[in-house]
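Me: I am new to reading protein models. Can you walk me through this one, feature by feature?

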Amino acid sequence: MDIARYSISATCAAAALQRNRVDHVVTVPDWVQLALHDRLNKGVDGIAVISCSNENQVVTVAAGLTIGGKRPLVMMQNQGLYNCFNTLRAISLDARIPMVFMVGQFGREFENIGRPAIQSRRTMVRIAEPFLRAVDVPFYCLDMEADMAKMDVAFEQAEAERTAVVLLVSAPMAWR
């Protein structure tokens, strides 16, 4: 398994954030996106990082920023997404506050990377896509660096439909 093929670089991800005019990243750190966390914490022009104590707080802080005219992105791992679904439902699906999530597929086996996540042996990985379909939250899989263009689509869709859109990060990000 050549995981490098599937690892999105922190540089590419930070450039996608800047291209989409993200001014805040609100997060509970995620191991899969650790390289991007490191890059953001060292400083990326125009992007402030807000670390929260739990995923529900992440969603409500990001909602407040959006209401205040800012353009946040939410970062967390798959377990956190499941944890905060009721808050996501209230904020993005019912109150219709647009929000883009980057969610790391924590726990994904290296031998599953490059294959459909629904074939993972781990429940938290295997159920992410079916869960998002069931709750009617649009999502895109970021399986390799070229997929970072899907962030542009996610922001457009979140704003046009006034909903949440999730970007599932398939493999650990690269430090380059």
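Reply: Start with two definitions. Two strands pair if DSSP finds at least two bridges between them. Helices (H or I, at least four residues) and strands (E, at least two) are DSSP runs, numbered from the N terminus. Now a case: Thr27 has Ser51 in β2 as its bridge partner. Strands β1 and β2 pair in the parallel sense, over 4 bridges.

Me: What should I know about the model before we go on?

Reply: This is a predicted model: local features need pLDDT of at least 70, side-chain atom pairs count only at pLDDT 80 or more, and totals for chains, interfaces and linings use all residues. Residues are numbered from 1 along each chain as its sequence is written, and side-chain values use heavy atoms, with hydrogens and water left out.

Me: How many helices and strands does the protein chain have?

Reply: It has 8 helices and 6 strands. Along the sequence they follow the pattern α-β-α-β-α-β-α-α-β-α-α-β-α-β. The radius of gyration is taken over C-alpha atoms, and the globule rule is 2.2 Å times the number of residues to the power 0.38. For the protein chain the radius is 15 Å, close to the 16 Å that the rule gives for 176 residues, so the chain is as compact as a globular protein of that length. The C-alpha trace spans about 45 × 35 × 30 Å along its principal axes.

Me: In what order do the strands stand in the sheet?

Reply: The order is β2-β1-β3-β4-β6-β5, in an open sheet of 6 strands with parallel pairing. The edges are β2 and β5 (139-142); each has a single partner strand, so one side of each has no neighbour in the sheet. Axes are lines fitted to C-alpha atoms, for helices over the stretch in contact, and angles run from 0 to 180 degrees between N-to-C directions. The twist averages 20° from one strand to the next.

Me: Which strand is joined to β3 by 4 bridges?

Reply: Strand β4 (residues 99-104) is joined to β3 (residues 72-77), and the two run parallel. Val74 stands opposite Phe101 in β4.

Me: Are the faces of β1 covered or open?

Reply: First, the cut-offs. Buried means under 20% relative accessible area, exposed over 50%, and partly exposed in between (1.4 Å probe, protein chains only). Both faces of β1 are covered. His24 and Val26 are buried on one side, Val25 and Thr27 on the other. Ser51, in strand β2 (residues 48-51), is exposed at 53%. Over the protein chain, 53% of the 176 residues count as buried.

Me: Which elements does helix α2 pack against?

Reply: The buried residues of α2 pack against α1 (10-19), β1, β2, β3 and β4. In α2 (residues 34-42), the buried residues include Ala35, Leu36, His37 and Leu40. Contact means heavy atoms within 4.5 Å. Another helix, α3 (residues 55-67), lies across β1 (24-27), β2, β3 and β4, and runs at about 170° to β3.

Me: How many disulfides does the structure hold?

Reply: A disulfide is a covalent bond between the sulfur atoms of two cysteines. The cut-off here is a pair of cysteine sulfur atoms within 2.5 Å. The structure holds 0 disulfides. The sulfur of Cys52 is 11 Å from the closest cysteine sulfur, in Cys84, which is too far for a bond. Cys52 is buried, at 13% relative accessible area. Cys84 is also buried, at 0%.

Me: What is phi near in Arg21?

Reply: Most residues other than glycine have a negative phi. In Arg21 phi is near 60°, a positive value in a residue other than glycine. Arg21 sits in the loop between α1 and β1 and is exposed, at 55%. Arg96 also has a positive phi near 60°. Arg96 is in the loop between α5 (85-94) and β4, and is partly exposed at 42%. Gly43, which follows α2, has a positive phi near 110°.

Me: Which residues does the UniProt domain annotation cover?

Reply: The unreviewed UniProt entry gives residues 13-112 as "domain: Thiamine pyrophosphate enzyme N-terminal TPP-binding". UniProt positions are in the numbering used here, feature names are shortened, and annotations may be inferred rather than shown by experiment. The span is 45% helix and 20% strand, and its end C-alpha atoms lie 22 Å apart.
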